[in-house]
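I opened a new notebook page for this model. My notes below go from the overall chain down to single residues.

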Amino acid sequence: MEIIRRAKSGECLIGRLTHGCDLLEELTRICVRYGVRLGTVHALGAVQRARIGYYDQGKKEYRFIEFDRHMEIVQLVGNVSVRDAKPMVHAHVTLADDQGRAFGGHLAPGTVVFACEVEIQPLEGTDLVRELDEETGLPLWRG
Ligand code: ZN
């Protein structure tokens with residue numbers, strides 16, 4: 001069954017991240033600092049190295065792909081919700097190499113920022129809380 005809520009957008013947070021920070025950890029840290037528990041995230045920029053996940057639906061586990069090279073963040077799209085009573089950023093990225101070839105997946109820790117411009121849109125509404133979903137093996141929103 002789908003889980004759908006109404007949420008109202010308010011003021012937006014926009015800025016750039018620190019050179020050399022971990023992309024996912026920094027996005028999460030900003031949400032904690034600014035009290036964002038529900039929202040959306042968009043970003044673009046470049047990374048020094050990247051680590052993205054692909055969820056193996058048969059095995060119900062992530063496989064991680066590492067790129068030990070400089071890449072463009074063509075697009076990062078994500079959301080903020082609550083897991084274990086804390087803000088959690090779930091983001092997917094499309095990255096491009098020096099030939100313009102694109103790769104993408106679930107953003108994982110280990111992706112290091114070269115430069116990144118980010119926009120976080122906090123939403124006003126009831127928290128969406130993640131809990132382990134038996135059917136998929138993923139921490140999904142519960143009703
Ligand atoms: Zn994901």
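These entries record what I looked up, topic by topic.

**Entry 1: the model and its fold**

I note first that this is a predicted model. I looked up the secondary structure next. The chain has ten strands and one helix. I then read the order along the sequence, which is β-β-α-β-β-β-β-β-β-β-β.

**Entry 2: overall dimensions**

I checked the radius of gyration against the globule rule. For 143 residues, a compact globule would be near 15 Å. The chain has 15 Å, so the two agree. I also took the box along the principal axes. The C-alpha atoms fill roughly 45 × 40 × 20 Å.

**Entry 3: burial, contacts and surface**

How much of the chain counts as buried? I get 37% of the 143 residues. I then turned to contacts between residues at least 6 apart in sequence. Of these, 69% join residues at least 24 apart. The accessible surface comes to about 8,900 Å². Carbon and sulfur atoms hold 51% of that surface.

**Entry 4: the zinc site**

Which residues coordinate the zinc ion? I find His90 and His92, each through NE2, and His106 through ND1. The distances run from 2.0 to 2.1 Å. Along the chain, the donors follow the spacing H-x1-H-x13-H.

His92 lies in strand E6, residues 86–96, and His106 lies in strand E7, residues 102–107. The pair therefore ties together parts that are 14 residues apart in sequence.

His106 is at 15%, so I log His106 as buried. The cut-off for buried is under 20%.

**Entry 5: strand E3**

I looked up two residues here, His42 and Asp56. His42 sits in strand E3. His42 is partly exposed, at 37% relative accessible area. I listed the contacts of His42, leaving out residues up to four places away in sequence. They are Leu76, Val77, Glu117, Val118 and Glu119. I also took one C-alpha separation.

**Entry 6: the loop between E5 and E6**

I went looking for positive phi values in residues other than glycine. Asp84 has one, at about 55°. Ala85 has another, near 70°. Where do they sit? Asp84 is in the loop between strand E5, residues 71–83, and E6. Ala85 is found in that loop too.

I checked accessibility for both. Asp84 is at 62%, so Asp84 counts as exposed. Ala85 is at 62% as well and counts as exposed. The cut-off for exposed is over 50%.

Key:
Residues numbered from 1 in each chain as written. Predicted model: local features only at pLDDT ≥ 70, side-chain atom pairs only at ≥ 80, totals over all residues. Heavy atoms only, no water. Donors = N, O, S within 2.8 Å, 3.2 Å for Na, K, Ca; no water. Helix = DSSP H or I, 4+ residues; strand = E, 2+ residues; numbered from the N terminus. Buried < 20%, exposed > 50% of the residue type's maximum accessible area, 1.4 Å probe, protein only. Rg over C-alpha atoms; globule rule 2.2 N^0.38 Å. Contact = heavy atoms within 4.5 Å. Areas by Shrake-Rupley, 256 points an atom, 1.4 Å probe, with all protein chains shown as cover.
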